[in-house]
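Here is a short report on one structure.

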Amino acid sequence: MQILTKEAEHVIDVEKLTKRYGDLLAVNDISFTVRKGEVFAFLGPNGAGKTTTVEIIETIRTPTSGKVSLLGMDVTKKKRKIVRRIGVLPQEFSSFDRITVRETIQYYSRLFNCRNADIDGLIELANLKDKSKEQFKNLSGGLKQRLGIAIALVNNPDVVFLDEPTTGLDPRARREVWDVLLGLKKKGKTVFLTTHYMEEAELLADTVAIISRGSIVAMGSPEELIERNANYLALTLQSVDEKVFEIVQKMGFEPVKANHNNIKVRVQHPDDVQKILNTIKDAGASFLSLDVRKPNLEEVFLKLTGAALREDLAGGVAQ
Ligand SMILES: Nc1ncnc2c1ncn2[C@@H]1O[C@H](COP(=O)(O)OP(=O)(O)OP(=O)(O)O)[C@@H](O)[C@H]1O
Ligand SMILES: [Mg+2]
């Protein structure tokens with residue numbers, strides 16, 4: 001029988017972590033665990049405390065209080081050992097303008113004393129083969145980020161931290177970064193990702209923690225979060241007759257008018273959809289088409305962070 005040590009199960013353990021910057025409470029008593037081999041996404045709006053938390057785990061910033069360990073090592077005590085086991089893509093990564101992709105990876109592998117770095121393997125993993133002779137300044141945003149991911153891997157780390165790797169990228173470049181991240185997961189790396197794109201978290205993450213104003217407001221797999229926080233079906237009726245709104249309202253639902261004569265209704269059960277359609281038909285009213293779907297992570301995120309969102313944009317909570 002294989003005995004799982006705490007290290008084998010838990011790659012990161014954060015217990016009651018708090019970080020203050022003077023009067024500003026940037027991270028407020030958060031706890032979570034990241035398991036080996038998973039993609040863990042920290043999803044939150046600007047100023048929520050994502051970078052602060054990640055950089056504490058990376059040993060770069062110091063916690064105000066709480067206990068944080070990585071691979072069983074205390075991040076405030078084992079900095080040297082920890083940095084050898086992790087890879088980091090910082091938010092707004094940049095590098096030397098006139099140095100080529102290959103030279104950049106070679107340079108960082110020397111800098112981090114990684115004589116055995118597999119430069120070709122990294123170029124391939126980041127899908128940069130065609131660009132290996134290109135200078136940094138000529139790379140698009142997506143290519144720069146992929147190079148940043150390759151650099152984060154020069155020491156063959158167990159855990160890779162990526163702080164908003166796709167912010168500001170166009171949808172296609174974002175997808176190309178996602179492919180690289182899925183490649184990392186296949187290699188068995190544990191990935192800690194921060195993002196404010198729900199689509200990204202929903203697509204890539206095994207576990208999502210939603211952080212808002214320094215606190216974790218929900219945590220679980222994307223499916224669990226949706227099930228727990230948005231357990232309904234969203235019915236859209238397109239190009240409805242004027243009377244449809246009233247018909248649905250009289251049935252006890254709460255329809256909402258949308259543009260193009262559409263109405264949207266939240267229902268708890270698929271049977272409710274059938275009831276609504278029958279009642280509309282019996283009343284001799286009509287609509288052009290309909291759409292029924294389960295809510296996505298975006299709706300959960302907006303529901304949980306809705307009130308806090310505007311204050312977050314203004315930056316943290318002063319206490
Ligand atoms: N070194 C610092 N000194 C003072 N305040 C800071 C410092 N770093 C961050 N803050 C503040 O702490 C709060 C959390 O910032 P943090 O950068 O951790 O958020 P974030 O979730 O990464 O945001 P973004 O999505 O904009 O990157 C913000 O209000 C920010 O202005
Ligand atoms: Mg940040």
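## Metal site

Threonine 51 counts as buried, at a relative accessible area of 15% (buried is under 20%, exposed over 50%, partly exposed in between; 1.4 Å probe, protein chains only). Thr51 (OG1) and Gln91 (OE1) coordinate the magnesium ion (ligand 2) at 1.9 to 2.1 Å. Donors here are N, O and S atoms within 2.8 Å of the metal (3.2 Å for Na, K and Ca); water is not among the atoms, so the site may look incomplete.

The pair links distant parts of the chain, 40 residues apart. Threonine 51 sits in helix 2 (residues 50-57), glutamine 91 in the loop between strand 6 (86-89) and helix 4 (101-111). Helices (H or I, at least four residues) and strands (E, at least two) are DSSP runs, numbered from the N terminus.

## Basis

This is a predicted model: local features need pLDDT of at least 70, side-chain atom pairs count only at pLDDT 80 or more, and totals for chains, interfaces and linings use all residues. Residues are numbered from 1 along each chain as its sequence is written, chains are lettered from A and ligands numbered from 1 in the order in which they are written, and side-chain values use heavy atoms, with hydrogens and water left out.

## Nonpolar cores

The largest nonpolar core holds 50 residues. A core is a set of buried Ala, Val, Leu, Ile, Met, Phe, Trp, Tyr and Cys residues joined through side-chain atoms within 4.5 Å. Ile105, Ile149, Leu162 and Leu297 have the most contacts inside it. A second, separate core has 26 residues, including Val27, Phe32, Val75 and Phe192.

## Two buried residues

Threonine 104 lies in helix 4. It is buried, at 1% relative accessible area. Its side chain reaches the backbone oxygen of threonine 100 at 2.6 Å. Leaving out residues up to four places away in sequence, threonine 104 touches Ser95, Ile99, Leu147 and Ile151 (contact: heavy atoms within 4.5 Å).

Leucine 143 belongs to helix 6 (residues 141-152). It is buried too, at 11%.

Conventions. Polar contact = N/O pair within 3.5 Å; in protein donor to acceptor, adjacent residues only side chain to side chain.
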